[in-house]
Amino acid sequence: METLSRPIDDQGILTSNMQSSCEFVQTLMKVHRAAQLITSTLDLEQLLDRVVNDLANSIGSVEIAIWLRHPETEDMVLQGVRGCQLHRKGSCLKIGRQGIVGHVSATGQMHYAPDVRLDPYYIACEPETRSEVSIPLKIGGQIIGVFSLSHTEIDPFSENELLVLEALAGHIAVALENARLFQRERLERERMQQEADEARAMQQSIFLKATPLVPGFAFETAWHPAGSVAGDWYDFIDLGDQRYGIVLADVSGKGMSAALLMSATRAILRSLAKLHPSPGETLAHLNQALLEDFPMGKYVTMIYGVLDANSREVTVASAGHLLPLLINCDASFLDVEPGLPLGVAPSSYPETTLRLEPGTHLLLYTDGITEATNHDEEEYGACRLLDHFLQPDACVNGLIEEVRQFSHGSDHADDATAVLIRSR
């Protein structure tokens, strides 16, 4: 019987094809693992390091480089490189004018030089380099960079391997864009946090200062912003002749916008307080000034009292603010007829005058205290406020701590501010 067999040449071709196929599969697996590693980080420097080092180890290239387009100049800037002595990080190539990288960044097409000695665009780098492939990195059709590989062999990459490398470049482009966006957002957050910290420091310099020394009286204050800055504030204004303006206010909204409106309102109030002897007049003039300048939909609630230490009388006017709490042997809310919040519409501000006998105290506070909610959406409320100040050792810092404990676990936080006038 005649034995049928393949010719020797056919067997050699088959063996060669099988070896080539195995090598391609191995390369594909290595590139796949490299792609997984590359896309697992959002740190730009770490990402660039992984691209050039891990891929070089996987593919066996003599040189791998990542060039990124400069946002303002017509340059490609080297951001990551391994195996090149000529170019260092920060080196630049002109788009469309220098090297294969410059050519690819201008055309947006992959360029493969199987023998760099014959390529018109190649710029010599390592003496052992014999081939180079450069692939554009694109996001949304825009070229953000170039991924470049050099090899010591002539024509080392098959057509299939070039397709794999081109797909890998897509993963690299997405990973780089995500890392750059993450870095940009992180820098923006850091900038905003720095600005918020500076604003908070400025507010603290305003509030965290000594309260006035007034014969027969003592003052306790608490100021707890929900965020970096607050729209709540309190102030003491020396009006002369043992008379003191005492203000507590709450600007609508939160954050930086509320803090800016607070600063403007505080400055205007201080300029008006010494011009008008009564709190009702002061609030009326302040309201008129804010109506001219305040943004639509913004307003301020305020309680403003003038304490005369000689007569021990305090005269109070309210611009839509919460009723003050009068504390002596009992605790009750002072019946103050409010005018409209400041900045809403023209309004008058009726006044209430009372004498603070020794042992009588007056509490001013913002709604961040009474409207604080617990995890069941239950408010701290007026009753708990009354109960707190029926305790013999009640104080504003103790009140803030009690409110904080009550609202622990709630997602609804607001500025909490209080001023307690103690008559001795």
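Student: Why is Phe157 called buried?

Tutor: Keeping in mind that this is a predicted model, Phe157 has a relative accessible area of 8%, and because buried means under 20%, Phe157 is placed in that class.

Student: What makes Tyr112 count as buried?

Tutor: The relative accessibility of Tyr112 is 18%, which is also under 20%, so Tyr112 counts as buried.

Student: How many aromatic pairs are there by the rule for ring centres?

Tutor: The count comes to four aromatic pairs.

Student: Why is the pair of Tyr112 and Phe157 called tilted?

Tutor: Their ring centres are 6.2 Å apart, within the 6.5 Å that a pair requires, and their planes stand at 55°; because stacked needs under 30 degrees and edge-to-face over 60, the pair is tilted.

Student: Which parts of the chain does that pair tie together?

Tutor: Tyr112 belongs to strand β4 (residues 111-113), while Phe157 is in the loop between β6 (142-151) and α4 (159-207), so the pair ties together parts 45 residues apart in sequence.

Student: What makes the pair of Tyr380 and Phe406 edge-to-face?

Tutor: The angle between the planes is 75°, and edge-to-face requires over 60; the centres of Tyr380 and Phe406 lie 5.7 Å apart. This pair links Tyr380, in the loop between α7 (367-370) and α8 (381-389), with Phe406 in helix α9 (residues 396-406), 26 residues apart, and both Tyr380 and Phe406 are buried.

Student: Which residues do ring pairs link into a cluster?

Tutor: The cluster is formed by Phe219, Tyr234 and Phe236.

Methods:
Residues numbered from 1 in each chain as written. Predicted model: local features only at pLDDT ≥ 70, side-chain atom pairs only at ≥ 80, totals over all residues. Heavy atoms only, no water. Phe/Tyr/Trp six-rings, centres within 6.5 Å; stacked < 30°, edge-to-face > 60°. Helix = DSSP H or I, 4+ residues; strand = E, 2+ residues; numbered from the N terminus. Buried < 20%, exposed > 50% of the residue type's maximum accessible area, 1.4 Å probe, protein only.
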